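Here are my notes on the structure you asked me to look over. Please read them with the structure open beside you.

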Amino acid sequence: MVLLDIFDPKAAPRAIGIDLGTTNSIVAAVREGRPVALTTCDGTALLPSVVYYGGAGQTAVGRAAQARATTEPERTIKSAKRFMGRGADDPETKRLGAYKFATPESESDAKIVRFDLGWTTKTPIDVSAEILRSLKTSAVDQLRSVGGAVITVPAYFDDAQRQATRDAGRLAGLEVLRLLNEPTAAALAYGLEKQKNGLFAVYDLGGGTFDVTILSLEDGVFQVKSTGGDSALGGDDMDREIAERLLVATNVERTPEMVSSALVLARRAKHELTDAPETTVTLGDVPFKVERHEFDKWIEPLLERTGRACRRALRDANVSASEVDGVILVGGATRVPAVRAFVEKLFGKPALDDIDPDLVVAYGAAVQADLLAKSSDEILLLDVLPLSLGVETMGGGVDRILPRNTTIPAGARATFTTYADNQTGFEIHVVQGERELSKDCRSLARFSLKGVPPMPAGMARLDVSFDVDENGLLHVTASERTTGVTQTIEVRPSYGLSDEEVEQMLIDALDYGETDLEARRLADTRVEAERIALATRKALVADRALLVEGELETIEKALESLSAASREAESASPIQRAIDALADATHAFAQRRMNHAIQTALSGKTLTETAERVEHAAGIEAHLEQKRERA
Ligand code: ADP
Ligand code: MG
């Protein structure tokens, strides 16, 4: 039956899972209900993510390409994944600049970095497509036909990086069914959903990326609680630690060829140290001995960096390390004994490692591809928002509507009101980030809601709802409640945001937390001061007749003090005190206005005018209530 299935040309094509790694790539498929890694052109499961571009159009992928790295480093591209979705001016591109880059010819050209190979140029998308094409060819050889592919990406990849990965898949002639986060794929490979409930951490240290994810499992449904990591940290950095010392100890001339050889030797030494307490490599006839305990010391700062990201992810998920039921090790670099020991100490328990850490992500991708091909909805995969989404408020503050790490799909609604009389439009500014003032957040979209009928300030009710769908797309709907005027827009929250930028925004939010809050309080209080002053002036004009002896002077003095405080104060408190004083001075007048309005409601006054007076009095009441609470 199984053989028939495989060789039947009319059989439904199989979907494959691809782990497109920075260092190694793997293709897997579900066969007889289990994921298996397919054999690549190298004859092994792991295909080094290296592409060689010789002159005259010869290309080589995998080990054949790797073999050229020493002799023709400028024509051999490795770690192309690190450059996916990056522009020529990207600081990260410059930082990682082990290659010669082509000078961009135009502004649009600069959006994608190009490797200069001497005789031609290639983008990271071209390089990735070359790897995917090779994997696809292997898969077609073994499965007869390929229906579509799930490709994994680091959880931290932003839209540009994901888009670049999709483009590479398309270029390789693959139908990309879905991009799947690598840590989530690992959890699927372990079949953790069968345990029904639990809390898991996925620690993925590959050659070039580090990802940590906290997953919760509730009634067989996964939820990504938080993600964290570092897109520029991995086993390659360990190689550099060794290579640097090797170059110094052997005192060879640092030609590109020598540096490249040193890196190859360093990696070999690292692999040997996984199984042996010491090893010796020889560069330029000079032997260099490394002991495991020395190596462990050299990589300590790298491990500490992963530890910090883990602690942050735990904090974001609101859990402690001891609450985690299981830790999954993913990525070749977790084979290093010091890494395993570090992780087990951090989480206080032995790590899950039954599945080969090199293959686990590809297995999960294959499982997901198989499910999608069968269009089963057995497993519900949920993701989280990397940064909070909100709207700018009057005065420049931010009201967060969906906080960061909210599981998506998600929706939330907030209600706003008009600030000025007869305001017929609202400006809605959608922002992303953790800072208190909108100018420090990232602007995602601005739009306006027009056609609101004229009403006194504070009377209109504007509902703004945010909905983030399973693809991470944000839909914002604004509608005015009394009239039903509605406006909808769609924004892509993470578009063009690199992981470093997300990281930086989070760091800034922590660094500026205190100052931000004070600035926000000041901005909000200023707006409140203006609002109450405006309402008071209006009331004085409308109901002058209701004032008693001396009241006008008291209120006007309070108004003056308030406007002075608002102008001069550098913190919220003096303004708040002036608002309180004005509320005190206006209280009796506002009550009188309200009572009078209600009494005369039936004799000529319009409903709106009555409502406005009631609203004014209620506003003053609310202020005095808050004042009592503060005291
Ligand atoms: P990526 O996801 O970036 O493609 P992998 O998960 O394939 O990376 O991991 C590659 C890294 O794992 C490389 O740095 C490689 O040197 C390292 N690695 C693989 N096997 C071992 C081993 N036995 N001991 C130590 N490191 C290893
Ligand atoms: Mg990996």
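1. The protein chain has 17 helices and 27 strands. Helices (H or I, at least four residues) and strands (E, at least two) are DSSP runs, numbered from the N terminus. This is a predicted model, in which local features need pLDDT of at least 70 and side-chain atom pairs count only at pLDDT 80 or more, while totals for chains, interfaces and linings use all residues. Residues are numbered from 1 along each chain as its sequence is written, and side-chain values use heavy atoms, with hydrogens and water left out.

2. Along its principal axes, the C-alpha trace of the protein chain spans about 100 × 60 × 55 Å. Of the 631 residues in the chain, 52% are buried. Buried means under 20% relative accessible area, exposed means over 50%, and partly exposed is in between (1.4 Å probe, protein chains only). Among contacts with a separation of 6 or more, 65% are between residues 24 or more positions apart; contact means heavy atoms within 4.5 Å.

3. Helix H6 covers residues 182–189 and is mostly covered, with 8 of its 8 residues buried. Those residues are Glu182, Pro183, Thr184, Ala185, Ala186, Ala187, Leu188 and Ala189. After H6 comes Gly191, which has a positive phi, near 60°.

4. Glu182 lies in H6 and counts as buried because its relative accessibility is 4%. Leaving aside neighbours within four places in sequence, Glu182 is in contact with Asp19, Lys81, Thr152, Val153, Pro154, Asp204, Asp211 and Val361.

5. The axes of H6 and helix H12 (residues 360–373) come within 7 Å and cross at roughly 80°. Axes are lines fitted to C-alpha atoms, for helices over the stretch in contact, and angles run from 0 to 180 degrees between N-to-C directions. H6 and H12 are therefore roughly perpendicular to each other. Angles of 65 to 115 degrees count as roughly perpendicular, under 35 as roughly parallel, over 145 as roughly antiparallel and the rest as oblique. On the H6 side the contact is made by Glu182, Ala185, Ala186, Leu188 and Ala189, and on the H12 side by Val360, Val361, Tyr363, Gly364, Ala365 and Gln368. By class, this contact has 8 nonpolar, 2 polar and 1 charged residues. Here Ala, Val, Leu, Ile, Met, Phe, Trp, Tyr, Cys and Pro count as nonpolar, Asp, Glu, Lys and Arg as charged, and the others, Gly among them, as polar.

6. How do helices H10 and H11 cross? The axes of H10 (residues 300–317) and H11 (residues 337–347) come within 11 Å and cross at roughly 30°, so the two are roughly parallel to each other. Residues in the contact include Leu303, Gly307 and Leu314 of H10, and Ala338, Phe342 and Phe347 of H11. By class, the contact of H10 with H11 has 8 nonpolar, 2 polar and 2 charged residues.

7. Gln66 is in helix H2 (residues 63–66). Gln66 is partly exposed, with a relative accessible area of 33%. Leaving aside neighbours within four places in sequence, Gln66 is in contact with Pro48 and Val50. Gln66 and Leu171 are 105 residues apart along the chain, and their C-alpha atoms are separated by 23 Å.

Definitions and conventions. Chains lettered and ligands numbered in written order.
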